[in-house]
Amino acid sequence: MTLAVSTPLIYHLKIVLRDITPQVWRRVQVSATTTIADLHAILQIAMGWEDAHLHQFLIYGKAYGVYHDGGFSFADDPDQVRLADFRLRVGERFRYDYDMGDFWQHDIWIEQIRPALPHRVYPHCHAGSGACPPEDCGGPPGYRALLRERTSWDSLDPLHAAMQLIIERVQTFAAGGPRPTVDDDDFMDALDQLDDWEAWMPIAFDRRAVNQAFHALGRNPHADNDHHPDPDR
C-alpha cells in the first residue's frame, strides 16, 4: 500500500509599507512551516532593509520576534513558532514593525493559502513595486521630506555642477591631459557630493536579486549577518 503524502501548504503574502506614496509593496510565497525567525529574515530581504535595528511582529495582539541584546524580550522562541501555528485565514493580516526610531510599519496580508508547486523553491518573491527607503531617514515623514529635498532645484543644481566637473576632468584626461588626483580639491569635492547623494538613494526593488538572496537564505537560514541591530532603535 502506498501512503499518501500531504502537499506542504504555501502562504501567499502581500507586504505593504504604511504611509508611503507611491505604495511600496511585495508579494512573497512562504511555507506554512516558516518560523518567526525566518519570516523576519525573509521580510528584510524582500523589502530591502539592512537588519540594522530592532523589530517585532504583532499577531493577534501579541508580540513576536528575534531577541537582540538590549532590545525587546519575547515570550516565545522565534525558531519554534511557525506561521501555521496562528491558523490565519485568507483575508487576515498582521503587522511587522522595523526600527523603533523611524518606526516603519508593514501590513502583511494573507492573500491565498495553496499547496506548494512541485518545482518551486520557497520562499519566493513573485511581484513587487516601489523602492525601499534608506535606513535612518526619519520614517515616513522624514522620507517624504528627503524626496522633496532631492527633487528641489537647490539640491539638484549643485549635483549637476558636480557631475559636469567630473565629466570635464575625465574628458580632459581622455584627451591626453592630466589625470584627476586627490590633490584636485574641486574634483574630490564633486566626488564627495555624488557619494552623499548615493548614500541617501532609495533601494530599488529587484525581484531576481531578492529571489537569489532567498535561495542563499535557504542554504544557510540561521547564518549570522554583518548587521547588528541598534538596541535603541
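Predicted model: local features only at pLDDT ≥ 70, side-chain atom pairs only at ≥ 80, totals over all residues.
Let's start with the pairs. Side chains of opposite charge can pair when their charged atoms come close. A search of the whole structure turns up 7 salt bridges, and the table shows some of them.

| Salt bridge | Closest N to O distance |
|---|---|
| Arg18 and Asp107 | 2.9 Å |
| Glu111 and Arg27 | 2.7 Å |

Take Arg18 and Asp107, which form a salt bridge. Arg18 sits in the loop between strand 1 (9-17) and strand 2 (24-31), while Asp107 belongs to strand 6 (residues 104-115), so their pairing ties together parts 89 residues apart in sequence. Asp107 is buried, because its relative accessible area is 9%, under the 20% cut-off. Arg18, at 26%, is partly exposed.

Now for Glu111 and Arg27, another salt bridge. This one links distant parts of the chain: Glu111 is in strand 6 and Arg27 in strand 2, 84 residues apart. Glu111 is partly exposed at 30% relative accessible area, and Arg27 is partly exposed at 23%.

Asp184 lies in the loop between helix 3 (153-174) and helix 4, and Arg169 lies in helix 3, so the two tie together parts 15 residues apart in sequence. Arg169 counts as partly exposed, with 24% relative accessibility. As for shared partners, salt bridges join Arg18, Arg93 and Asp107 into one network.

Terms used:
Residues numbered from 1 in each chain as written. Heavy atoms only, no water. Salt bridge = Lys/Arg side-chain N within 4 Å of Asp/Glu carboxyl O. Helix = DSSP H or I, 4+ residues; strand = E, 2+ residues; numbered from the N terminus. Buried < 20%, exposed > 50% of the residue type's maximum accessible area, 1.4 Å probe, protein only.
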